[in-house]
Amino acid sequence: MTTGTVGAAAMPAVLTTTRSRAPLGRLLRSEVRFMLRRPRTLVALGLLALVPVIAGVSISVAAGMPDQGAGPGGSAVEGIAALLEGNGLILPVFVLLLTLAMLLPLVGAMWAADAIAGEAATGGLRNLMLAPVSRARLLAVKAFGVATLCLLAVVVISVSAVLCGLVLLGGDGMLTMSGTTLPFWPSLGRVALLALLVTVQVWAVAAVALAISTWTDHPLVVLAAATGGIITFTVLNALESLSWLHPVLINASWESLGDIIRDPMPTDGLTEGLLRALCYILIGYSLALARMVSRDG
Amino acid sequence: METKKTVLSVAAAGTVAGVAGLVLLASPAGAGEAPPALPAIGADELVESVLSAEVPALSGTVAMENDLGLPIPGLPGTAGEGDIRVFTDGQGKHRVQMAGNGNETTVIDDGSTVWIWNSTERSVTKVPHDAAKGEHADKPLESRLADPATAAREIVNAMRAHSSVVVDGTARVAERPVYQLVLSPKPTERTLLREVRVSVDSETRVPLQLEVLANGQADPALKVGFTEFADGTQDAGLFRFTPPAGAEVTEEKPDQAPRGRTPEDVFGELDFATYGEGWDIVATGTLPEGALTMPTPRGEGRDLVVEGQNPLELLGSLGKQVSGEFGTGYVIETKVGTALVTEDGKVAVGFVPEQVVIEAAEQLK
C-alpha cells in the first residue's frame, strides 16, 4: 500500500513480519488438530457423548415405574424431565441444560487451562512466546482452539442426544412445555438454536478460564478456580436475598434457556443470557490479552 | 513499545465495556425517565373511558409482586415465580401461559372451551362453557386470573362510589404512556389501605397496572401489571388447542371451579358471604369440616408451612388469639388486611383493621 514511500530503514522490518507469518487458517487448523490429538480431549468428548445415552436409558427404564412427579418447586431440569417420556426430541434439551450446570463449563475450563497454563507448565509457552509471532495472535489462535472444542463438545452431546432420544424414547415431533406439538424439523431447529446458545455460555466460562490461565503456570489452578467459581455462583444464584446481584452472574440466565421449549418461544430471557455471556467473553478475552502482552517471556 | 501500549489500552477498554454491559443488563430499563406529556383529562372522564373501553387484541407479559406478608394460595406469580404471558384476540378468546421454573400451565379459551394444560403432570383439563352467556361469570378461575385489565376494571367499578377518584399525572408502564388513576378511601371508610393506583393506557384505555398501597407503606403491597404490552392482531393458532397424544384429559363442569388441589380446594369450598361494602368489605365464610385439623400438604406455601403441622396449630403460631361472641379464634394481621379464623372454622377476611373483622365474625351464624 505505502511501499513506495516507506524509508529504507523500515523496509527489512516489514519484510520480516510478512515472511514469518504463517497463513492464519493453517495455524488454526493445526491448533485444533493438536488439541484433538490429546487423549484426554478424546476421552472427554467420548464421556460427554455417553451422558445422553445414560440419561435416555435411565428415563426409558423409569418410564415403566410409578410416577414420582417433580414438585412445583423443582428446578428447570426436573420440570423438563417430566416431559421426556415418549418425547425424544426433549432429550437434547434436557441433557444440554443438565450438562451446562457443571460438566460443560468444566470441560471448557479444562481446555482453557491446557491452552496457556498447560503450555507454561511444560515449557512450551516460552518457545511460543520467543517465536516471532505477536502475543495477541498467539492468544487468538489458542482462544480459537478452545472455542472450537467447546462447540464440538456441545455438538457431540446434541447429536448423541437427538439419536438416543429418537431411538430410546421415540416421538416424531416435540411436545412443548406449553402443551403444543411441534413438527420434526422445527423441533430440530429449536435444538440447534439451544445448542448454539449453550455453546456461547460455555465460551463465556472458557473465556474467563482462559484469562485465569494466562495468570498462572499451573493448569490445576485454572480448573480449581473454575470449579470453585461455578459452585460459588450457583450458591449465590440460589440465595434470594442476593437477588440484586443475580443479573451480573453468568449462570443467572442458564435456567431461562429452558424457554426454548415453550411455545410461542419467549425471547427476552434468551437474548439477555446471550448478551450477558458476550459481556463475560469480552471481559475474559480482554483480561487474557492484557496479561499476555505484559507477561515476561 | 507502542504496540504493547495500544494492545493494553484495547484490553482495558474491552474490560470496561464488558463490565458496563453487565451493569446495564442488571439495571432496570426506563429508570429515571421523565413522565410523558399527555393531554389533561378529568377523573370522571377517565373512569368512564376505562369502563367502556373494549379490550383490543393484544399480547403481553404480566408480572406480579406481592408484599402482603402472607403467601396467597392459588395466585400465580406469588413469590415472583415466573412471568405470565397473555394473549387475547379481543373477541373472547384468550391464552394465558403461567411459566414456572421448568414447568408451565397454559390456559386457552377458544371461545367455547377452556383448556388447561399442566406440563408437570402432562394433564389437560377441559371445561366447556357457554359462549353465548358471554363474559366470564361461568369460566374457571384460571382464565380469569392474571388479567390485570379486567381486575382493575372491576375494582374501579366497585370502589368508585366509596372513594375519591383523582388523576395523578402520567407515567410509563410497559413502555407505554399511561394516566395514573388514584382511588383513595373516603374518610368514613375503615380500611388499612391508603390508595389503589391504576395505570391506564393513554391510547387503548386498558388498565396496564394495578397497585395497592397500604397505610404507612411506601412500596405497593400488591402490584400486578404488564411488563410488556403490544396491541394488534394475534395469530389465530394461539387460541386453538388440541390435547397432545398421551396426555390425560379430564372434563369438568364450569361450576366446579375454582378448583385445584390442596389450599385452593379449601378456598373453593368456602361458603362465601360478604359483610359491609366499599373499602371495608369483609368476606366471611365457613371452612369445610376437618380443614383445620388435617395435616398441611407438602410443597405449597413452603415459606410458612411446617410439614405435619395442622392449620390450627399454624394459626396459633402465626396469629393472635381473640375471643368474643363468635367463640375463640386467631387474628392474623398483615400490612393490607386482617384475617380471623375461629376454632370452629369460621373465616372473615378484609382490607380492614382487626375490629371490623371481629364485627363481621359476630354477624356469622
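Select B:Ser202 and leave aside its neighbours within four places in sequence: what remains in contact with B:Ser202 is B:Leu38, B:Pro177, B:Val178 and B:Tyr179. Keep in mind throughout that this is a predicted model. B:Ser202 sits in the loop between strand E9 (193–201) and E10 of chain B. Is B:Ser202 buried or exposed? Its relative accessibility is 18%, so B:Ser202 counts as buried, the cut-off being under 20%.

**Strands of chain B**

Next, select strand E10 (residues 207–214) of chain B together with E11(B); the two pair in the antiparallel sense over 4 bridges. Within this pairing, B:Val212 stands opposite B:Leu222 in E11(B). Pick B:Thr61 and look across to its bridge partner in E11(B), which is B:Glu228.

**Salt bridges within chain B**

Side chains of opposite charge can pair when their charged atoms come close. Select B:Asp168 and B:Arg197, which form a salt bridge with the closest N and O atoms 3.0 Å apart. This pair links distant parts of the chain, as B:Asp168 belongs to strand E7 (residues 163–173) of chain B and B:Arg197 to strand E9 of chain B, 29 residues apart. B:Asp168 is partly exposed at a relative accessible area of 38%, whereas B:Arg197 is buried at 16%. B:Glu195 counts as buried, at 13% relative accessibility. Then select B:Arg176, B:Asp201, B:Glu203 and B:Asp231, which are joined into one network by salt bridges that share partners.

**Chain A**

Switch to chain A and colour it by secondary structure. How many helices and strands are there in chain A? There are 11 helices and 2 strands. Along the sequence, the pattern is α-α-α-α-α-α-α-α-β-β-α-α-α. Chain A has 297 residues, of which 48% count as buried. Among contacts in chain A with a separation of 6 or more, 79% are between residues 24 or more positions apart.

For an example of a link across the sequence, select A:Asp217 and A:Arg295, whose side chains meet in a salt bridge (2.5 Å, N to O). A:Asp217 is partly exposed, at 37% relative accessible area, while A:Arg295 is buried, at 10%.

**Where the chains meet**

Finally, show both chains. The contact takes 42 residues from chain A and 34 residues from chain B. Together the chains bury about 3000 Å², 62% of it on carbon and sulfur atoms. Across this interface there is 1 salt bridge. Which residues form a salt bridge with their closest N and O atoms 2.8 Å apart? Select B:Glu104 and A:Arg262 to see them. The interface also has 12 residue pairs in polar contact. On chain A, helix H4 (76–81) and helix H11 (268–294) each supply at least two residues of the side that touches chain B. H11(A) gives the largest share of that side, 14 residues. By type, the residues of this side of chain A divide into 23 nonpolar, 12 polar and 7 charged.

Key:
Residues are numbered from 1 along each chain as its sequence is written. Chains are lettered from A and ligands numbered from 1 in the order in which they are written. This is a predicted model: local features need pLDDT of at least 70, side-chain atom pairs count only at pLDDT 80 or more; totals for chains, interfaces and linings use all residues. Side-chain values use heavy atoms; hydrogens and water are left out. Contact means heavy atoms within 4.5 Å. Buried area is the accessible area (1.4 Å probe) that two parts lose on being put together, summed over both. A salt bridge is a side-chain nitrogen of Lys or Arg within 4 Å of a carboxyl oxygen of Asp or Glu. A polar contact is a pair of N or O atoms within 3.5 Å; within protein, one must be able to donate a hydrogen and the other to accept it, and residues adjacent in sequence count only if both atoms are side-chain atoms. Ala, Val, Leu, Ile, Met, Phe, Trp, Tyr, Cys and Pro count as nonpolar, Asp, Glu, Lys and Arg as charged, and the others, Gly among them, as polar. Two strands pair if DSSP finds at least two bridges between them. Buried means under 20% relative accessible area, exposed over 50%, partly exposed in between (1.4 Å probe, protein chains only).
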